[in-house]
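Please look over the sequence and the structure below, and then read how their parts touch one another.

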Number of protein chains: 2
Amino acid sequence: MTEQTVGRRARKKAATRQAIADAALRLFLERGYDQVSVRDVADAADVSPPTLFKHFPGKEALVFDEERDREAELVAVVRDRQTGQSVLDALRDYVLRTWPPLEDHPLRADFNRLVDTTPALRAYAERMWTRHADALGAAIAAAHGAPPDDLTARALARFVLDIPALARGETDRPAAVAAIFDILTRGWRPPS
Amino acid sequence: MTEQTVGRRARKKAATRQAIADAALRLFLERGYDQVSVRDVADAADVSPPTLFKHFPGKEALVFDEERDREAELVAVVRDRQTGQSVLDALRDYVLRTWPPLEDHPLRADFNRLVDTTPALRAYAERMWTRHADALGAAIAAAHGAPPDDLTARALARFVLDIPALARGETDRPAAVAAIFDILTRGWRPPS
DNA sequence: TTAATTAGTTAAACGAGTCAACTTTTAGAG
DNA sequence: CTCTAAAAGTTGACTCGTTTAACTAATTAA
């Protein structure tokens, strides 16, 4: 055996997974999400449906392939923040730093249109964020020595994770993110 | 024709709907949501599956039969509030007045356990609330002469509608609701 | 009375997802 | 180098939610 620690098996598995994800995205963009069956995707990737479902837990997951370990990142942002920096500031920096640039990537314009025009995908994308509410809430609570199910910590986590969905449609996304964080730091004030 | 403006037809339709909802809730509580197929429900209510789906848009909707026109209520609460009362105060009053008593009803203990232990139902219940975010956001914006898609109005609507899900597990629900509204009025502060 | 609506039925189908039994490939130990 | 055991993949059949089409029967309104 050479120095590859991954192994041919793991590489082939990853290749299969990638082939499925690529075929799926291509077909979805071409024909629309609802007009493509998972059999179509499996056929295009030259795989059987059960194999497809061994790699992805459901049809919607085919679309969001790169959205892993966001949860670990969120927890780390809160836990490993600069001393003296507030939890809210750390989260705002993180969101501003990582999220708007990602969404602005021009190759993602079609992708975003696909998600926005497909109710099933909109709902799934939303839950992708709010799914991490428990973990983030626990991290926020831990940062202040509170029990992991502290109510206000859970509330803050939930509100922060709502931000991407809220700011999605805005033209100036960073400003929108900042404005919403402002509500969370200073309280809500009537508009203009 | 006597003085009934409803008509026998409408009454029969309502009866069928009720029979379906009753059968569904009974079976779900007996065996668990996932262990009951919609065919089982249709059989128990002595109707065909297509009839069932003419009355309810999906399996989850069988469980939440009484959750209609919440949206109209929310909009009215914001629009018809006492002069001088802030939007946030009106919403807090509404939530405190209508929601915790409903959930505390002892007959609903089993019902709540059913929902809490079934992921599909938890997700559906959450979306039942957040679904009204657009309408409530528009109402809040209108209350301040802002355009209906005003960002901060939408954000506030979203956050308020998250409150039931956040406070669900708490023992003192009114206090929890008040605490979360406090975040929205004064900004978030670290716990204890 | 008649004509138009509408609730409901049956039978068939579709798509997502799962299951069981079997085949092939790969990894690793002796 | 060989043998074995784990894991990837295949096929085919199946369950379940949901929809469609064609039809029946009841109700309402003219």
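In this predicted model, 30 residues of chain B are in contact with 30 residues of chain A, where contact means that the C-beta atoms of two residues, placed from the backbone, lie within 7 Å. On the side of chain B that touches chain A, helices H7 (119-130), H9 (151-167) and H10 (173-186) of chain B each supply at least two residues, and H9(B) gives the most, with ten residues. Helices (H or I, at least four residues) are DSSP runs, numbered from the N terminus.

Among the 20 residues around DNA strand C, those that come nearest are Ser37(A), Gly58(A), Thr16(B), Ser48(B) and Thr51(B); a residue is near a strand if its C-beta atom, placed from the backbone, lies within 6 Å of it. The largest share of this surface, four residues, comes from H1(B).

The table sorts two surfaces by residue class.

Chain A is assigned domain 1 (3-57) and domain 2 (67-186), with bounds from an automatic or database domain assignment. Their C-alpha centres lie 29 Å apart, and four residues of domain 1 are in contact with five residues of domain 2.

Residues are numbered from 1 along each chain as its sequence is written, while chains are lettered from A and ligands numbered from 1 in the order in which they are written. Because the model is predicted, local features need pLDDT of at least 70 and side-chain atom pairs count only at pLDDT 80 or more, whereas totals for chains, interfaces and linings use all residues.
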